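Here are a few notes to read alongside the model. Take them one at a time, with the viewer open.

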Amino acid sequence: MLKISKIVFHIAVLYVIFLFGNLVQQTFNLFVPGSVIGMIVFLIFLLTGIIKVSWIEEGTKLFVNHLTLFFIPATVGVMNYMEIFSATVLWVVGIVLISTALVMAIAGMVSQWLIRKKEFQHE
Amino acid sequence: MNSILIGLLSIVGTLAVYSTIWKLHKKIMLPITLPIFLGSILIVSVLLVFDISYDTYMVGGEWINQLLGPAVVALAYPLYQQRHLLKELIIPIVCGTLLGAVAGVSSGILLSGWIGVDDFIIYSLVPKSVTTPVSMAIADSMGGVMSLAAIFVIIAGIGGVIMSPYVFKVFKIDHVIGRGVGMGSASHAIGTAHAMEHDQLGGSVSTVAMVLSAVIVSIIAPALVSLMM
């Protein structure tokens, strides 16, 4: 029971930071989403020690471990667009997939090459 | 009363589907058993079979959806834990993310120009590799359709996670940093969530790549579109 109330408190802390991020985003009309601003704010709080890790650990770990759960309701929303999946749209989906694989390959190869180069210099 | 019941049912149902598939996925670890993929398909099927609308499902689903923001905030925690390592790795992460973003935007423009789709579809798919709210904003600012942009983001996310074992194999990306940068650059938060399941360092690298990518794409997408179209 104590553990559950602890986790609820941790989640409440995350939620307040998220709301703050939204507020910053709306006030300054930024293109970066409120959740990402909240993440940066949370990171700054942790780095400066304003928030101690022990205050938020269990709830935060739980969220990070089960991140995909929170994407499910939004993903289910694709069902509203079922009818647009015509032949041309399938081509477009193909383009999206090819381009995604390309991003992954290039981003991965470039960073890996640089990291290997760096590791080599260290040795 | 009725709406409370419906709401509870969709929350409990979503949690039950997620936890069942999560356990299954831990055992077989196939891309198609990913909770977000299989779970969403399962829920969509149930809704379609019983003729339940998405709006009805979202009476409860919205509660889970509301936690998406705090869940993204929570990603600062692994970043904090890996802070010393990440400081060392920042140059490879930035370079990889930047070139990946250029490749993503320009291949989107070139391939769809080649097939000959309408301009508004091109504007909607160009920012597909970044997290939904940012990609919707980018698409909107260029003249794309926001809901289409959201669909392309989901396809890039889930598709990228499913393709990742093959992409990593074909392009010989076996370093945890390379994989993390690839996942975060191509498949945003969905890819990051997946990377985090495997390894905390890879997941943190993916988080950094995802955030950087959102910033980079929102700057280069309008520029490349006006240059190439």
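**Notes on some chain B helices**

1. What covers the buried residues of H3(B)? The cover includes helix H4 (72–76) of chain A, together with helix H1 (2–28), helix H2 (35–49) and helix H4 (68–74) of chain B. The buried residues (under 20% relative accessible area, 1.4 Å probe, protein chains only) are Tyr54(B), Tyr57(B), Met58(B), Gly60(B), Gly61(B) and Ile64(B).

2. A word on the basis: this is a predicted model, with local features needing pLDDT of at least 70 and side-chain atom pairs counting only at pLDDT 80 or more, while totals for chains, interfaces and linings use all residues. Residues are numbered from 1 along each chain, chains are lettered from A and ligands numbered from 1 as written, and side-chain values use heavy atoms, without hydrogens or water.

3. H3(B), residues 54–66, isn't straight: it bends by about 55° at Gly60(B). The bend is the angle between axes fitted to the seven residues ending there and the seven starting there.

4. H1(B) and H2(B) pack at about 140°, axes 9 Å apart. Residues in contact (heavy atoms within 4.5 Å) include Trp22(B) of H1(B) and Leu42(B) of H2(B). By class, the contact has nine nonpolar, three polar and no charged residues.

5. Now look at H8(B) (132–142) and H9(B) (146–170): their axes come within 8 Å and cross at roughly 135°. H8(B) is therefore oblique to H9(B). Among the residues that meet are Met136(B) in H8(B) and Val153(B) in H9(B). This contact has six nonpolar, two polar and one charged residues.

Conventions:
Helices (H or I, at least four residues) and strands (E, at least two) are DSSP runs, numbered from the N terminus. Buried means under 20% relative accessible area, exposed over 50%, partly exposed in between (1.4 Å probe, protein chains only). Axes are lines fitted to C-alpha atoms, for helices over the stretch in contact, and angles run from 0 to 180 degrees between N-to-C directions. Ala, Val, Leu, Ile, Met, Phe, Trp, Tyr, Cys and Pro count as nonpolar, Asp, Glu, Lys and Arg as charged, and the others, Gly among them, as polar. Angles under 35 degrees count as roughly parallel, over 145 as roughly antiparallel, 65 to 115 as roughly perpendicular and the rest as oblique.
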